[in-house]
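Trainee: Can you walk me through this model? I'd like to start with the sheets and then get to the cores.

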Amino acid sequence: MSKLIKWLLAIILFASIVCEMPIISAKGETIIINTKSLNVRSGPGLTYPVTGSMKQGERTEVLATSGDWHEIRFGSGTGWVASWLVVSEEAKKLSPRTAISKVSALNIRTEPSLSAAVVGQMNAGEAAVMTGRQGEWASIVLNGVDGWVHTDYITEIQQSENGQAGTAVKPEVQNPEQFTVSVDALNVRKAPGLSSKKVGLIRKGESYAIEEVDGNWVRLALGKKSSGWVYSFHGTLSAKSTAGKTEVAADNKVTVLTNGTNLRSAATTSSAIVTRANAGEKLPVSGEEGEWYKVSLPSGETAFIAKWVVSTGDLAQVEHTPEKKKKARVPGTLKGLTIVVDAGHGGNDRGTTGMQGTDEKLLTLMTAELLSAKLKAAGANVVMTRESDTYISLRKRVSVSHQHGADAFISLHYDANPDTSITGFTTYYTHSHQRSLASSINDGLASTISLRNRGTQPANFLVLRENRQNAVLIELGFLSNPSEERVLTTEMFREQASHGIYQGLLEHFDGN
Ligand SMILES: [Zn+2]
């Protein structure tokens, strides 16, 4: 390993540990300073005076712990340091991480936000060094570009010591049958291993049948009697037959999410554009190729549409369901309505962490509990996606919404941004039919909380995109802003916020 690589790995290791998995260090444990210069304070909190500082890499023993602060020996006495800026020696032994894109043309952004500028893209199967994580965003470095990608579209894998992907498992495809190349050119080798002899070259967009899988290598059928091995992260693995293996709705149609979506002659972003489709258009699926659906056009021709720009849920149903229920409602109450309250994150997924150490996952749960109580009191049938600090997958949350035929699905989150001056609350929707609920709730919140109103915004969140029910996602202010964090962690704020959401719901259903 060259010095440079060693040095890079060390940085990645530090960064990935501090952002990805906050390790609670215990008394007696050795910790390592994990920031350029760390303030040592006279007490366990940011309000205590700074009595000195420690440098990155310095080691010290934990004498005691109070909240998110560690007491350490310092100078002739003791001092306190923030636990989120140190790493335990134990944790340091963990391996660095790699982010593999599940989709083609995954945008790399300057900040962990859908509104941030795009600085590059990742191809399906492409691997980037993962340097950290913030809420639903991962920071990565790819070909010298560093930026943020949304974690819905990547698979995180641990790397073993030699820098090769270790125990990686390809996302969501079991028993893959087909491999589609996602890099410009890919060497085919005689045996699984980078040192094995090259026996051929395959190109971007080409698909081959998989004959054998060995770790992260797949053997492809290249011709009648020839085959060879490729490294599986340079392409996408897919199941060949569509039956039972894809998530296309029962009517076997996909719905286009945005206006002007390209339909192409082949399953690659470099092929010719045949035509364009607009949001809401439903296209019958006749096949699949890698990360693309083959769809039939009204003209009788076929074309390819990327899987990441369509929804596979049957959205047509949404327009009809609420109407039946409307009659059962009593105006001025929420009687007869089913509301799914979704507390963001949970368990190992802590969400973002505030400057003072507030865990998003705990704050969302507390807010969800209060909101649920309010909605129940108003007569609603309330279902919570989680009632304790447990991990629930995004797809499971969506299926709870479907299972209960939610009249409204409300996902609660708290925001973060590396720019700590950013403040305010935002109400997100994905599909146009979710917009009116989003704007009612946003109005309700604006009338009860005093944060800056960032308005309603469209965004591609999985819990909204794949949701057949009316659904919104609310980011209730920024934990990354210290003074906003202080407001958000008060009971008063949760009280006002849940009251605002309740009023928005009432307004929405009474007005519809
Ligand atoms: Zn969140």
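Trainee: What kind of model is it, and how are residues numbered?
Mentor: This is a predicted model: local features need pLDDT of at least 70, side-chain atom pairs count only at pLDDT 80 or more, and totals for chains, interfaces and linings use all residues. Residues are numbered from 1 along each chain as its sequence is written.

Trainee: Which strand order does the open sheet of six strands have?
Mentor: The order is S30-S29-S31-S34-S32-S33, with mixed pairing. Strands here are DSSP runs of E, at least two residues, and helices are runs of H or I, at least four residues, both numbered from the N terminus. Two strands pair if DSSP finds at least two bridges between them.

Trainee: Which strands stand at the edges?
Mentor: S30 and S33 (453–458) do; each has a single partner strand, so one side of each is left without a neighbour in the sheet. The twist averages 20° from one strand to the next.

Trainee: How do S29 and S30 pair?
Mentor: They are parallel, over four bridges, and Ile339 stands opposite Val382 in S30. From S29 the chain crosses through helix H4 (residues 360–377) to S30, a right-handed β-α-β crossover. Right-handed means that, with the strands pointing away from the viewer, the path from the first strand over the helix to the second runs clockwise.

Trainee: And S29 with S31, how many bridges?
Mentor: Five, in the parallel sense; Val340 has Phe409 as its bridge partner in S31. S32 (residues 425–429) and S34, by contrast, pair in the antiparallel sense over three bridges.

Trainee: What does H5 touch on the sheet?
Mentor: H5 touches S29, S30, S31 and S34, and its direction makes about 170° with that of S29. Contact means C-beta atoms, placed from the backbone, within 7 Å. Angles run from 0 to 180 degrees between N-to-C directions, with axes as lines fitted to C-alpha atoms, for helices over the stretch in contact.

Trainee: Which residues of H5 are buried?
Mentor: Leu394, Arg397, Val398 and Ser401. Buried means 20 or more other C-beta atoms within 10 Å of the residue's own, exposed means 12 or fewer, and partly exposed is in between; C-beta atoms are placed from the backbone.

Trainee: Why are those four on the same side of H5?
Mentor: Because they cover an arc of only 100° around the axis, taken from the directions from the helix axis to the C-beta atoms.

Trainee: On to cores. Which residues touch the most other members of the largest one?
Mentor: Ile339, Ile410, Val472 and Leu505, out of 49 residues. Helix H9 (residues 491–511) gives the most to this core, with seven residues. Another core lies apart from it, with 33 residues, Met130 and Tyr153 among them. A nonpolar core is a set of buried Ala, Val, Leu, Ile, Met, Phe, Trp, Tyr and Cys residues joined through C-beta atoms within 7 Å.

Trainee: Change of topic: what does S11 pair with?
Mentor: S8 pairs with S11 in the antiparallel sense over four bridges, and five bridges join S11 to S12 (residues 137–142), also antiparallel. Val129 stands opposite Val141 in S12, while Thr98 stands opposite Val129 in S11. In the hairpin of S11 and S12, with two residues between the strands, Gly135 takes a positive phi near 55°.

Trainee: Why does Arg97 count as buried?
Mentor: Because Arg97 has 24 C-beta neighbours inside 10 Å.

Methods
Two residues are in contact if their C-beta atoms, placed from the backbone, lie within 7 Å.
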